[in-house]
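Dear colleague,

I am handing over the structure we spoke about, and below it you will find an account of what was found in it. Please read the account with the coordinates open beside you.

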Amino acid sequence: MKKLLALALAAVMVFCLAACGGSGSSAPAASTPAASTPAASTPAAPAEGGEDILIGCLQDITGATSALGMSVEAGAQAAVDDINAAGGINGRKVVMKTYDTKGDVTEAVNAYITAVTVDNVSLIVGPPVANIANAIKETSESYDVPVMGFALDPTCQLKEDGTPYKNMFCFQPSATTQGQIMAAFAVKNGLKTFGIIYNQENAYSVSLLAPFTDELAKNNITVDDKLIVAYGAADTDYKTLLQPIVAAKVDAIYCPNYTQQLVAIVTAATELGYEGKIVCGLDAAPSFNTTYGGDCSNVYYINNINTDDPTTAEMAAAVEDKVSAVNKYFLGYDVIMIAKECIEKAGLEDPAALLSAIEGVKDFKGLTGSLTIDPKTHMPDGMGMFMYTYDNQTPVMLEEYAG
């Protein structure tokens with residue numbers, strides 16, 4: 001039934017597009033570099049080795065998490081440019097077309113269907129936003145186009161029976177891995193009492209809760225239920241939400257939230273006089289520090305990249321004024337390079353062969369580390385990450401943790 005519904009919706013969209021003379025792309029012209037965006041109704045021009053390879057990029061280009069989407073897009077486009085400068089893939093030019101989800105699940109589903117049925121993309125660079133990935137996972141089952149994304153909530157890749165959605169992949173460590181790493185780091189650094197504040201309406205935030213508390217439990221640390229504070233979109237009085245946690249004088253507040261809410265929460269905790277540590281997920285990485293604008297020395301965060309590595313540091317410095325989330329830029333770059341290897345191995349004629357190549361990615365040495373995909377989960381197997389803090393507003397890499 002889901003498949004019939006998806007196909008019917010696709011047919012309606014194609015009919016409407018033909019009647020209106022539009023492409024159906026949800027990406028605003030200004031959001032994607034002109035060199036990477038084919039004309040709305042014009043097929044991609046053939047390259048020396050054959051027709052261009054069209055890749056979709058499904059991201060929040062506008063909306064609350066646009067900084068993340070635009071950073072992934074920029075990194076992916078940089079990789080496309082590097083590939084084309086080196087002769088393309090098997091002599092074929094690569095073209096990337098961006099579809100703006102606008103942070104909306106309905107927009108995301110419509111954009112996905114447009115990409116795979118109207119524009120016939122070969123694969124999709126997926127979002128780092130779990131709510132968007134969760135929105136398209138069921139629809140993606142009806143097609144043969146892989147989504148090479150970064151949504152770390154395992155429910156974006158795995159069905160209730162534990163088997164993977166055939167097209168859904170994540171190319172950074174899962175929420176399970178990241179939550180465990182952050183808890184292990186906190187315990188290792190002598191933090192013993194915790195409060196937690198998380199967004200119960202956000203799949204990313206929710207997915208990082210249990211792995212953290214479960215790892216604490218392995219170290220005989222429990223978090224009082226009264227100090228686990230859930231909030232939703234309508235809750236903006238973070239001072240009131242944080243008062244019981246601050247009053248308990250806990251060693252650390254665990255705060256797995258997106259950047260905008262994280263800035264508001266850290267600001268509220270500081271205004272309440274909180275002097276402990278704040279342990280955060282990926283979105284406390286830059287540009288959190290500049291957005292917050294104050295002293296971030298009490299903030300710990302997890303990251304995909306090691307800026308102590310000279311190559312990584314040089315690339316990060318080159319783009320830090322151009323993108324908001326440098327770690328997402330590196331993820332976007334890596335996934336295109338992985339896609340290149342998979343296309344070179346499997347070609348594009350047989351969708352099953354391409355999916356098999358993606359499932360079989362092994363020991364890919366990228367900017368975000370060494371990556372092997374577990375075909376049973378469609379997520380990385382044993383991929384490590386890095387823990388950071390700030391010296392005022394300057395990022396400081398502290399330690400690498402294995403996955």
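Buried is used here for a relative accessible area under 20%, exposed for one over 50%, and partly exposed for what falls in between, computed with a 1.4 Å probe on protein chains only. This is a predicted model, in which local features need pLDDT of at least 70 and side-chain atom pairs count only at pLDDT 80 or more, while totals for chains, interfaces and linings use all residues. Residues are numbered from 1 along each chain as its sequence is written, and side-chain values use heavy atoms, with hydrogens and water left out.

I begin with the salt bridges, a term that stands for a side-chain nitrogen of Lys or Arg within 4 Å of a carboxyl oxygen of Asp or Glu. The structure holds nine of them. In one, K159 meets E141 at 3.0 Å, N to O; K159 lies in the loop between β4 and β5 and E141 in the loop between α4 and β4, so the pair ties together parts that are 18 residues apart in sequence. K159 is partly exposed, with a relative accessible area of 29%, and E141 counts as partly exposed at 24%. D144 and K166 form a salt bridge whose closest N and O atoms are 3.1 Å apart. A further salt bridge joins K97 and D119 at 3.2 Å, N to O, with K97 in strand β2 and D119 in the loop between α3 and β3; K97 and D119 are both buried.

Next comes the sheet, for which helices (H or I, at least four residues) and strands (E, at least two) are DSSP runs numbered from the N terminus, and two strands pair if DSSP finds at least two bridges between them. Five strands form an open sheet in the order β2-β1-β3-β4-β5, with parallel pairing. Because β2 (94-100) and β5 (168-170) stand at the edges with a single partner strand each, one side of each is left without a neighbour in the sheet. β4 (residues 147-149) and β5 pair over three bridges, and M168 in β5 is the bridge partner of V147. Helix α3 (residues 105-118) packs on this sheet, touching β1 (53-59), β2, β3 (123-125) and β4, where contact means heavy atoms within 4.5 Å.

A nonpolar core is a set of buried Ala, Val, Leu, Ile, Met, Phe, Trp, Tyr and Cys residues joined through side-chain atoms within 4.5 Å. The largest has 56 residues, and those with the most contacts inside it are Y112, I124 and F194; α3 gives the most to this core, with seven residues. Apart from it lies another core of 44 residues, among them A76, M96, I336 and I358.

Finally, rings of Phe, Tyr and Trp (its six-membered ring) pair if their centres lie within 6.5 Å, and planes under 30 degrees apart count as stacked, over 60 as edge-to-face and the rest as tilted. There are 13 aromatic pairs in the structure. Y112 and Y143 form an edge-to-face pair, 6.0 Å centre to centre with 65° between the planes; Y112 is buried at 0% relative accessible area, and Y143 is buried at 8%. The rings of F194 and F212 have their centres 5.7 Å apart and their planes at 80°, so this pair is edge-to-face. F288, Y292, Y301, Y388 and Y390 form one aromatic cluster.

With best wishes

How values were computed
Axes are lines fitted to C-alpha atoms, for helices over the stretch in contact, and angles run from 0 to 180 degrees between N-to-C directions.
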